[in-house]
Amino acid sequence: MLPDDLVRRGQHVLTVCNACRYCEQYCPVFPALEKRRTFEAVDLTYLANLCHNCGECLYACQFAPPHEFGINVPKVLAEVRTRSYESHAWPPTLGRAFRGDAFRTSLAALILVVLLLLLVSMARPEAVWSSDGSADFYGVIPHAAMVALFGAVSLFVLSALLISGWRFWRETGGGFVASSGRTWRAIRDALSLRHLHGSGLDCSSNLEVRLPWRRWFHHCTFYGFLLCMASTTVAAIYHSVFGWHAPYEYSSLPVLLGASGGFGLLVGPLGLAALRQTRDPSLSHEESGGLDTAFLGLLFLTSVTGLALLVLRHSALMGVLLVVHLAVVLVILLTLPYGKFVHALYRVLALFKYHRES
Amino acid sequence: MNHKPDYDVAVVGGGNAALCAAISARRAGARVIVLERAPRDFRGGNSRHTRNFRCLHTTPGQYLAGTYTEDEFLSDLRSVNGGAIDETLAQLAIQRSGTCPEWMAREGVRFQAALHGTLQLGRTNLFFLGGGKALMNSYYASAERLGIDVRYEADVSDLRLSGGRFESLDVQGGGRVTTIRAASVVIASGGFEANLDWLRQVWGNAADNFIVRGTPYNTGVPLKRMLDAGAQSVGEARECHAIAVDARAPRFDGGIVTRLDCLPFGIVVNALGQRFYDEGEDVWPKRYAIWGKLIARQPEQIAYSIIDAKSAYAFMPSVFPPIVANSIAELADVLTLPRAALEATVDAFNCAVRPGTLNLSTLDDCHTEGLNPNKTHWAQRLDTPPFWAYPLRPGITFTYLGLKIDERTRVLMSDGQPTANVYAAGEVMAGNILLRGYLAGFGMTIGTVFGRIAGEEAARHAT
């Protein structure tokens with residue numbers, strides 16, 4: 001639940017916005033708020049997840065701080081958004097673990113999982129510490145163990161995400177029927193990040209500073225992530241359907257997909273992290289910083305360890321690299337429903353709702 | 001004493017007219033300084049609260065529906081003024097307004113379609129994407145790129161003229177006074193609406209109950225200095241653009257969100273619980289601008305808009321919550337109005353309402369008979385609780401007393417002769433064209449058109 005004080009601050013800001021409306025053609029947040037007269041916690045949650053956190057409405061605001069009304073839409077919605085991740089997470093205990101310091105939680109999880117995997121692979125210590133150059137991944141961790149572990153975790157993560165999404169959708173009054181046109185518009189908006197350049201130019205990250213980089217680095221990250229998922233899926237099909245076992249050639253589909261995805265996950269997270277540093281700090285809420293850094297850090301590590309494993313798979317380091325890479329992937333999977341990743345889930349749902357309403 | 005001046009053009013002010021003048025002068029090759037009295041966060045004068053610009057156009061555009069011809073524009077202007085205006089300047093403003101959007105776009109200004117709730121302006125007014133502060137941000141960014149010196153918190157305390165010729169000005173800021181010499185000067189410092197002492201001289205104690213909708217920095221000091229130096233004035237000191245705002249608004253800078261759009265939906269009573277003007281006189285917002293001065297003439301400068309549940313959601317939401325009661329008597333108690341008087345007013349009104357078909361978008365046939373004053377349109381009985389009330393005060397936007405100018409924006413001295421190098425643009429000369437009424441978005445038209453002319457003329461004189 002959102003704290004009362006935050007709800008009151010959000011209501012103040014949105015009430016001023018609704019009486020002003022100058023920003024209504026910047027992004028969907030304003031047309032959506034104009035459909036309401038009063039703003040309850042659920043409305044705040046919906047609008048917060050519709051907001052892409054650019055700076056247009058702050059710089060255009062005649063009531064922005066230091067004006068006594070103190071209107072800062074991106075900041076208050078960022079705070080609501082961070083809270084909404086926690087309050088919709090399932091199971092709630094794990095959601096709370098991410099509150100405050102997602103970075104440290106992720107780091108602790110990472111160390112724990114590495115130790116755990118090392119322990120598991122202790123059954124065959126020589127395969128881990130001195131690989132023989134055959135790139136025999138399953139010699140380090142048996143295929144069945146890998147499938148069981150990742151299958152179970154994926155199932156859990158998928159359920160957690162579905163439950164979280166369902167809770168969000170139900171709370172914000174989603175409903176069921178949507179025309180295919182509206183559904184498609186929501187998907188198009190999400191895939192193209194339309195609302196980071198919705199008014200014709202790129203949205204601002206500082207006063208009168210409009211650069212396309214945030215959008216492009218996000219594309220690198222998101223599509224990099226998708227390519228890596230595709231690589232894993234193709235590899236799984238190769239293994240189980242065709243009996244073609246890893247390691248795969250550099251020219252094979254899993255490697256091509258994984259390597260290009262990995263490249264995206266090197267460039268994207270680095271770029272986004274760098275942009276965070278140059279961005280006007282008054283646009284962001286402090287607590288969301290840890291969530292961002294943790295998620296970007298894990299994505300970057302996934303890519304670094306994955307690419308290192310690819311290049312060094314025939315060396316003696318293969319065993320250790322595999323354990324570390326799998327650990328990173330496991331942690332990123334486990335933290336998906338509680339970390340920054342969920343912004344994608346709620347953003348898409350909020351866009352669905354927006355297009356249903358409009 | 002014949003030093004080379006520090007600048008070719010000094011611009012006094014930092015709003016729309018000032019920046020249009022500064023940019024035009026710079027583009028004409030002049031070295032320009034802008035002296036903005038406000039700190040950077042509050043730069044832009046009253047323009048930061050604006051949202052659109054009234055604009056001539058003979059073909060429909062991307063953001064402007066239909067056409068708005070010179071004749072129609074001029075007749076709208078005449079109808080709100082109800083008197084003789086400077087036709088030459090009025091026509092100049094109207095004709096040149098059509099050339100402004102292109103110029104503005106070149107300086108980075110972006111536009112948008114008319115906002116929800118203001119669709120009636122979609123044919124006559126071009127809206128700035130994000131409103132007036134976004135517009136001013138674009139102009140300031142353009143000024144920086146062009147190499148214009150912009151000084152914030154620069155309070156112009158004195159202007160020296162000699163024989164109808166500007167010599168130098170003094171700027172107070174950071175605890176010291178700096179003298180700046182310039183070959184020409186553009187006065188674009190707004191009216192005196194934020195100068196409570198001056199308002200009190202004009203309006204008496206009533207001024208203590210005025211709310212200043214815009215910037216607290218428009219105290220009219222440069223205007224006063226110019227009048228003291230023998231410049232010819234134009235307009236009445238009492239005339240201004242003033243609307244009804246929520247009485248709970250901050251004293252300054254409440255901007256757009258304190259205005260109330262509910263007046264035509266019910267009745268408006270004064271502190272005695274009596275109606276005093278036809279709430280249904282004309283289509284909103286055409287008559288929107290008369291309510292400030294109407295309320296200024298009521299006892300204690302307060303009034304209350306009262307509506308019932310039928311109209312509760314029919315108008316743009318306001319930033320302050322309505323005062324709600326289940327009966328008129330209870331409402332009178334909450335508002336501390338005389339209960340019997342308010343009940344009598346509402347009863348008389350309800351009895352006088354004639355049957356009709358409500359149509360908010362036109363002058364409909366819902367009216368009262370036998371009242372003084374009658375409500376001539378949209379009259380509906382106040383009979384459905386809960387009843388809502390909003391307290392109203394005069395919200396002064398800008399004053400019309402200003403500097404008389406010629407068509408090159410040169411300030412005229414009291415002998416009718418133009419000054420050699422003093423130009424004026426924006427609110428400070430709006431009184432040449434606006435006598436009493438107001439047309440939405442016309443202040444920005446005046447600022448842009450005459451700002452550009454002043455900048456070009458000042459640069460031509462200086463270089």
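User: What separates the centres of domain 1 and domain 2 of chain A?

Analyst: In this predicted model, the centres of the two domains of chain A lie 29 Å apart, taken over C-alpha atoms. Domain 1 of chain A covers 4-88 and domain 2 covers 92-357.

User: How do you know which residues of domain 1 of chain A are in contact with domain 2 of chain A?

Analyst: Two residues are in contact if their C-beta atoms, placed from the backbone, lie within 7 Å. By that test, 28 residues of domain 1 of chain A are in contact with 34 residues of domain 2 of chain A. Helices α3 (41-50), α4 (56-59) and α5 (73-88) of chain A each supply at least two residues of the domain 1 side. The largest share, 9 residues, comes from α5(A).

User: What makes up that side of domain 1 of chain A by class?

Analyst: It has 13 nonpolar, 10 polar and 5 charged residues.

User: Thanks! Which domains is chain B divided into?

Analyst: Domain 1 of chain B consists of 7-204 + 214-238 + 400-462, and domain 2 of 242-395. Their centres are 34 Å apart over C-alpha atoms. Here, 11 residues of domain 1 of chain B are in contact with 8 residues of domain 2 of chain B. The domain 1 side counts 5 nonpolar, 5 polar and 1 charged residues.

User: Why are some residues of helix α7 of chain B called buried, and which are they?

Analyst: A residue is called buried because 20 or more other C-beta atoms lie within 10 Å of its own. In helix α7 (residues 221-228) of chain B, the buried residues are B:Val221, B:Pro222, B:Leu223, B:Arg225 and B:Met226.

User: What do the buried residues of α7(B) pack against?

Analyst: They pack against strands of chain B, namely β1 (7-12), β7 (155-161), β9 (176-187), β17 (402-403) and β18 (410-412).

User: And which residue with a positive phi follows α7(B)?

Analyst: That is B:Gly230, whose phi is near 100 degrees.

Conventions:
Residues numbered from 1 in each chain as written. Chains lettered and ligands numbered in written order. Predicted model: local features only at pLDDT ≥ 70, side-chain atom pairs only at ≥ 80, totals over all residues. Domains from an automatic or database assignment. Nonpolar A, V, L, I, M, F, W, Y, C, P; charged D, E, K, R; others polar. Buried ≥ 20, exposed ≤ 12 C-beta atoms within 10 Å, placed from the backbone. Helix = DSSP H or I, 4+ residues; strand = E, 2+ residues; numbered from the N terminus.
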